[in-house]
Amino acid sequence: MSHSIKAPWDDESQLVHLLASHTVEAFFMMDAQGLVTYANPAAERMFGWGRQELLGQVLHDLVHHHHPDGSPFPMDTCPLGQVMREGQPVRDHEDLFIHRDGSFIPVYCSNAPILAEGHILGAALVVHDISARKRAEQARAEQVRQFQLLADTLPHLAWMSRPDGTCEYVNRPWCEYTGLSMEESLGYGWTRAIHPEDLARVLSHWQRTRDTLDGQEAELRLRRARDGAWRWFIARAQPARAADGTLLQWIGSCTDIDEQRRAGQERMELLRRVQAAHAAAEEANRLKDDFLATVSHELRTPLTAMLGWLQLLRSGRLSEEKRARALDTVERNARAQAQVIEDLLDISRIITGKLRLEPGPLDMRNVVEAALESTRPLADTKGVRLELDTREEPLPMWGDAGRLQQVVWNLLSNAIKFTPQGGRVTVQLRPLDGSVELRVTDTGVGISPAFLPHLFERFRQQDSSSRRSHGGLGIGLAIVHHLVELHGGQVSAHSPGVGLGSSFVLLLPREPRPAPPAPTPAAPPPVPAHMEEEVPPARSVLAGLRLLLVEDQEDTREMLRIVLEDHGARVRAVASAAEAFHCLREWRPDLLLSDIGLPGENGYELLQRIRALPAAEGGLTPAIALTAYARAEDRARALSAGFDMHVPKPIKEAELLAVLAAATERLAAGETSRTRDAP
């Protein structure tokens with residue numbers, strides 16, 4: 001749209017700009033049609049639109065077109081429309097304007113018409129962002145609400161008095177206990193709840209407390225309304241002072257000590273419990289801090305190696321042999337980071353109760369041998385001998401093969417990590433009275449008797465200090481324990497002591513047991529990074545495939561484009577949903593590969609727009625979700641939104657190509673169902 005609109009007051013534009021450009025308030029000028037003819041720099045900052053984008057646009061359509069509930073806000077009903085229609089200013093009113101990103105901004109604004117010889121030439125609008133004030137008001141209201149909630153949920157009768165001692169507030173427990181309403185308790189009405197024998201003493205004590213301006217305690221009897229019983233309370237009062245020491249009010253409470261007076265032992269027991277709870281909370285807080293420090297270490301350590309080798313690669317100083325070593329190191333450390341993330345996701349699923357099994361018939365011997373083969377390179381590198389002691393015949397049972405392999409892999413990796421060079425890790429597998437017993441024994445550092453009871457607790461490590469010689473998050477064994485319990489089995493650990501090795505024993509039932517219903521579709525079990533294999537499909541599978549790629553991150557988009565083109569696909573790569581929608585209608589790709597987290601319009605909204613198109617315009621184009629949202633519920637949401645498949649990040653080339661190959665086969669077969677997930 002042209003931005004060359006000229007207003008009758010342009011002769012004064014330099015003066016207007018000089019004045020408006022130094023204000024913190026947004027300032028707009030519009031012509032008689034409501035088109036923006038001037039916007040100061042504060043307006044650009046406040047609403048996210050550039051000045052050239054604003055000029056020539058109807059301001060109402062940009063910043064005031066609908067209510068927070070989504071209902072439209074016609075211009076003729078808003079203050080600006082009133083000014084343009086009636087020629088009268090509308091000053092000093094609060095409103096809600098809309099930022100470019102769609103968020104609402106509370107504002108305080110004034111509108112005034114621009115008149116010449118009685119004719120309305122336009123309008124001027126001054127807008128002050130009051131977000132900070134609104135937040136402060138909300139914070140104050142929330143503080144009042146929280147105070148009221150806190151006071152009403154306290155196990156005490158709480159009250160507040162003015163400096164002269166007259167009551168101005170009692171909490172709900174006071175009213176419920178004494179039967180006196182708030183109004184009846186104000187002033188000195190609260191004295192009606194005190195035992196007559198205690199009243200004179202309490203009033204005298206209250207007078208001395210106010211005279212000395214010190215916090216005091218007094219014991220007194222209060223009448224309970226429901227049965228008329230007199231119970232002993234301890235009343236405490238503390239002065240609340242301003243910063244300059246001026247007394248503002250008295251804050252106090254009455255605590256029931258009737259049982260305490262009769263049995264002092266109960267009070268000591270309560271104190272002991274409070275101290276124990278405090279100690280437990282401190283220990284939990286320490287474990288949290290240790291765990292966060294460990295996570296930071298486990299993520300930063302491989303990242304340091306990756307960045308260092310990448311800088312060396314970029315320098316061009318490495319020989320071909322060292323270049324290969326650098327690439328191997330980067331890949332190995334990237335997989336280590338991926339494994340850390342998978343373990344954290346598993347712990348999250350365990351905590352939220354969303355980790356589910358996909359059980360079926362399996363041969364436990366094959367599961368153990370697969371885990372052994374995947375950990376053997378690690379053992380060989382460290383110089384640890386792996387041994388398997390089992391029968392030749394199969395050991396059929398019922399369970400989730402992927403999760404059981406994860407259990408065995410975790411136990412073997414743990415044993416190898418804590419076994420020094422020249423040591424031995426032995427795996428024994430045998431049937432035992434309708435169960436399968438798996439025993440992993442090592443000649444490693446052993447476990448101290450004090451730590452043994454905490455071994456399977458989350459975030460626990462025998463040595464979590466910065467001087468520890470072994471990495472890890474301290475969650476692998478917790479995952480093992482939970483997965484074994486889900487199978488109806490048991491896991492235990494044994495060690496004679498530090499330096500004497502350890503053994504882990506699993507007992508798993510061979511027969512299936514009823515599984516609890518899963519609330520959401522189960523995500524495929526994660527495969528440890530060390531167990532992944534890359535088998536890219538043949539180039540001919542994707543040859544000629546017209547593929548529309550939507551990814552806002554430039555580095556990822558370029559990497560994917562190169563990978564897909566190397567396998568023969570014809571790729572158009574775009575960075576936003578708007579570009580993707582335009583390209584899809586113009587180019588008509590065979591397949592859409594879209595990120596979910598896109599700026600402005602996300603992947604779900606993009607697909608909703610596409611599915612609304614007729615089939616002849618691309619409405620049935622197969623779509624694959626490519627996203628860092630990798631939970632089971634994210635997968636379910638993607639499929640229910642209309643995506644045919646779901647590929648979680650970080651992206652593995654073999655997995656992505658396998659999904660695309662499957663999608664290509666569907667296209668060749670004319671299949672239209674949308675239920676498959678990434679393998």
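Predicted model: local features only at pLDDT ≥ 70, side-chain atom pairs only at ≥ 80, totals over all residues.

Trainee: How much space lies in the largest cavity, and which residues are closest to its centre?

Mentor: The largest cavity contains about 300 Å³ of space. Its lining consists of 21 residues, and Trp159, Trp190, Val202, Trp206 and Ala235 are the closest to the centre. By class, 14 of the lining residues are nonpolar, five are polar and two are charged.

Trainee: Which element supplies the largest share of that lining?

Mentor: Strand β8 does, with five residues. Elements that each supply at least two residues include β6 (157-161), α9 (196-212) and β9 (230-241).

Trainee: What lines the second largest cavity?

Mentor: That cavity, of about 80 Å³, is lined by 13 residues; His64, Leu80, Phe97, Asn111 and Leu125 lie nearest its centre. Two or more residues come from each of α4 (59-63), α5, β3 and β4.

Trainee: How should I read a sheet, and in what order do the strands lie here?

Mentor: In general, strands of a sheet pair through backbone hydrogen bonds, either parallel or antiparallel. Here, five strands form an open sheet in the order β2-β1-β5-β4-β3, with antiparallel pairing. Strands β2 (36-39) and β3 (90-98) are at the edges, each pairing on one side only. Six bridges join β1 (residues 26-31) to β5 (residues 119-129), and Phe28 has Leu125 of β5 as its bridge partner.

Trainee: Which strands does helix α5 touch?

Mentor: Helix α5 (residues 79-86) packs on the sheet and touches β1, β3, β4 (104-116) and β5. Helix α6 (residues 131-153) lies across β3, β4 and β5, at about 140° to β4.

Terms used: Residues numbered from 1 in each chain as written. Heavy atoms only, no water. Pairing = 2+ DSSP bridges. Helix = DSSP H or I, 4+ residues; strand = E, 2+ residues; numbered from the N terminus. Contact = heavy atoms within 4.5 Å. Axes fitted to C-alpha atoms, helices over the stretch in contact; angles between N-to-C directions. 1 Å grid on protein atoms, 1.4 Å probe; cavity = no way out; pocket = protein on both sides within 12 Å on 5 of 7 lines; lining within 4 Å. Points joined across faces, edges and corners; volume = space filled by probe spheres on them. Nonpolar A, V, L, I, M, F, W, Y, C, P; charged D, E, K, R; others polar.
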